[in-house]
Amino acid sequence: MLSRLGALLQEAVGAWEPSIDLLEAFVEHWKGITQYYIESTDEDTPAKKTDIPWRLRQMLDILVYEERQQAAGEAGPCLEYLLQHKILETLCTLGKAEYPPGMRQQVFQFFSKVLAQVQHPLLHYLSVHRPVQKLLRLGGTIPGSLTEKEEVQFTTVLCSKIQQDPALLTYILEGKKTVARKKVSREPPALPGEMASLKDKDQPPSKTSDTVSCGAGVLTPQLPADTEEPDGGIGENNLITSLIGLCKSKKGRVALKAQENLLLLVSVASQAAATYLVQSSPCCPAIVEHLCQLYQSMPTFLDPADIATLEGISWRLPSAPSDEASFPGKETLAAFLGWFDYCDHLIMEAHTVVADALAKAVAEKLLVETLQPQLLHVSEQSLLTATALLTALLRQLRSPALLQEAVTFLLGMEQQPAALEDSCTLCVHLIRHCDHLSDEISIATLRLFEELLQKPHEQIVRNLILCHLEGRLYVVRGAPEPESYEDTLDLEEDPYFTDGLDTGFQPSSKPTPAPATNLDGKTAVTEIVNSFLCLVPEEAKTSAFLEETGYDTYVHDAYGLFQECSSRVAPWGWPKALTPLDLHEPERPFFEGHFFRMLFDRMSRILEQPYSLNLQVTSVLSRLALFPHPLIHEYLLDPYINLAPGCRSLFSVLVRAGPPDPPPGCGSSGGILQGAGCHCFRPVPPTGSSPVSLPASGRACLRARSMTGGESPVLTFSQELPLAWHSHPTLFPGRELGSISSVSRHLCPWRPGL
């Protein structure tokens, strides 16, 4: 009984409650906005102090509520009224007029919320994407605009919609010139709602009128040929240029969000959309143009040390660290490196079509047209700055497509062995800069090549080194390779060892013991290490009683670097062993290549060069020695190879290194330390009958004795030195033989700064 009574009361209340007509309410709010412009005469009242924001919110709520009541894929009467009466176009015009003040901000917000909250596809409709294009042209043009926050929110919604449906890209970016070229035969059928709007623009449709279905909204990328598009096609303000403009904002959050939106846009999965983005939009040119503008805004000269302080800057945090010392051009340099890092990230994440096009654009505009003239400039300041900047760019570069373009720019396309009289390509110029009269330019260019050698690209190693070593022309032909070390020439008959020996020194008649070999015929690593260690005179070794002078620390660091390098080159399929020599092959002249030639020339003058320069030369050599290729190991590290006449190896260069005359006050020609000054050491006879006490096996530390008499540690090792190192008759006369620092760095490169 009570339940019946409650049901009757509820029916009675519902009968007296007035029903709300959504379409009528929607039209009423829209008329309220238009009535404001008819009646209002105050041009100074901000839009947010009028009822316009409230009415726009009510219209949005009605659209969202109506959509929930409709079946999936159907448009309600309010949405149909919005499309037929071109309300969005009218709002866009009001926003452009900026009346009342702040109206543009309200329009951006309304557009963003409608496109984001209404699930029905809207951007396919002409009455939607045309005002969207107009609104995009209003934003991104004025730096520091008051509507930057609303603009970036608007572009975020658009990029999200394009990511969900890449076909929308053509609607957002398409201009009048492109549309006019389309044929009438390709015109899609007009929308029912749009045809109705041409007949009656002012009278709202009834509830029984034809609704716009979802299927009618999803059009092909072709637009009607007779459609009047907004003026301006490719190259004028659109979504791309708007995002680029917002990326230049001084507000960090706005710029970061715009960069994320652009990243989302270029990563579209559709092949057609990516092709359209490259061929029919200013995407790549606009991005690269901003990069070149940032480069031109930097000072003409920057200290390489200052450039190094901003190493590792990210596009997400492009501002320079505040704790670093300030220098002229710091902010502009940070902005340039940050945008380059962003371009590199774009290329990594973008569709393959977009990535290749953007990488080519960066290489053409920045590397070829901007950096190359400065790398070839006669001004040392321009050359130094350009080289240091290029090194910083290589250090940040991670994308394969851009790395390929950079390698092609620096080394060229050819992978054939270079001739001694080759034309002066950019690579040859840069290698010559490594042997420049200016030590600063030499060090900067050597750092450039060291950074290049750390990149995961096989063409780098092949162009600089391997193409010259293939065929093993540096090994003497005409005789089989000896099976034992006794079959080789005595060391005292080798001109590399006998040149400059003391006349009173008598070599031992005792045959030299053969070096140990592995099963594959390669010289044992311990023998190679000992051979290079023998180049160190006894007087340059530190006492075994010093602590923390262990060689094992460097071996551990070297092993980590070698493992990293091996994993990087593993996909390249390098051979594990050397190819046997063809004994009947005629001898041909061997040219080590411009790169090895430069390094060996530098090593031959190691005692005449500054310490910092020698350190950089040996650092490059250590990078080369890390590559697990048998040709590199044989030519660079094996001191027992039978070199062909006129050929050089690292060991032979080190043996010959030394000034012709010792400096005053020195007992001999000095030591073999890089940049270490003078070193005195005594000759050690080669036999065990020497009256001079031999050093005991154990730990040794290499120290450099400066001209002032002080000592500074250069390199340490903990190596059991067998007595065999005393039996080499030519390794202990009073002459300078080379740099143990450079040799040891091949086998175990030291940490930077040591």
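Me: Where do Trp339 and Tyr342 lie, and how many residues apart are they?

Reply: Both sit in helix H18, three residues apart, about one turn of the helix. Helices (DSSP runs of H or I, at least four residues) and strands (runs of E, at least two) are numbered from the N terminus. Before we go on, this is a predicted model, where local features need pLDDT of at least 70 and side-chain atom pairs count only at pLDDT 80 or more, while totals for chains, interfaces and linings use all residues. Residues are numbered from 1 along each chain as its sequence is written, and side-chain values use heavy atoms, with hydrogens and water left out.

Me: Why does it matter that residues are three or four places apart?

Reply: An α-helix has 3.6 residues a turn, so residues three or four places apart point the same way.

Me: How many aromatic pairs does the whole structure have, and what makes the pair of Trp339 and Tyr342 tilted?

Reply: The search finds 18 aromatic pairs. In this one, the ring centres are 4.9 Å apart and the planes stand at 40°. Rings of Phe, Tyr and Trp (its six-membered ring) pair if their centres lie within 6.5 Å; planes under 30 degrees apart are stacked, over 60 edge-to-face, and the rest tilted. The angle of 40° falls in that remaining range, so the pair is tilted. Trp339 and Tyr342 are both buried.

Me: What makes the pair of Phe449 and Phe595 tilted?

Reply: Phe449 and Phe595 have 5.1 Å from centre to centre and 45° between their planes. Those values pass the distance limit and are neither stacked nor edge-to-face, so this pair is tilted. Phe449 belongs to helix H23 and Phe595 to helix H28 (residues 593-604), so the pair ties together parts 146 residues apart in sequence.

Me: Why do Phe449 and Phe595 count as buried?

Reply: Look at the cut-offs: buried means under 20% relative accessible area, exposed over 50%, and partly exposed in between (1.4 Å probe, protein chains only). Phe449 has 2%, so it is buried. Phe595 has 1%, so it is buried too.

Me: Which residues form one aromatic cluster?

Reply: Tyr474, Phe590, Phe596, Phe600 and Tyr635 do.

Me: How do you know whether Thr387 is buried or exposed?

Reply: Thr387, in helix H20, has a relative accessible area of 1%, so Thr387 is buried. Leaving aside neighbours within four places in sequence, Thr387 is in contact (heavy atoms within 4.5 Å) with Leu375, Ala444, Thr445 and Leu448.

Me: Why does Lys248 count as partly exposed?

Reply: Lys248 has 41% relative accessibility, again between the cut-offs, so Lys248 is partly exposed. Lys248 is in the loop between helix H13 (239-247) and helix H14 (252-266). Beyond neighbours within four places in sequence, Lys248 is in contact with His290 and Gln293.

Me: How do you know that the span of H21 is close to the one expected?

Reply: The expected span is 1.5 Å times one less than the number of residues. H21 (residues 400-411) has 12 residues and reaches 16 Å from its first C-alpha to its last, close to the 16 Å expected.

Me: What makes H21 mostly covered?

Reply: Nine of the 12 residues in H21 are buried, including Ala401, Leu402 and Phe409. Their cover includes helices H18, H19, H20, H22, H23 and H24. After H21 comes Gly412, whose phi is positive, near 85°.

Me: Why is H3 called roughly parallel to H6?

Reply: Helix H3 (residues 52-69) and helix H6 (residues 103-117) pack at about 10°, with axes 11 Å apart. Angles under 35 degrees count as roughly parallel, over 145 as roughly antiparallel, 65 to 115 as roughly perpendicular and the rest as oblique. That makes H3 roughly parallel to H6. The axes are lines fitted to C-alpha atoms over the stretch in contact, and angles run from 0 to 180 degrees between N-to-C directions.

Me: How many helices and strands does the chain have, and what share of its residues is buried?

Reply: The chain has 32 helices and three strands, and buried residues make up 51% of its 754 residues.
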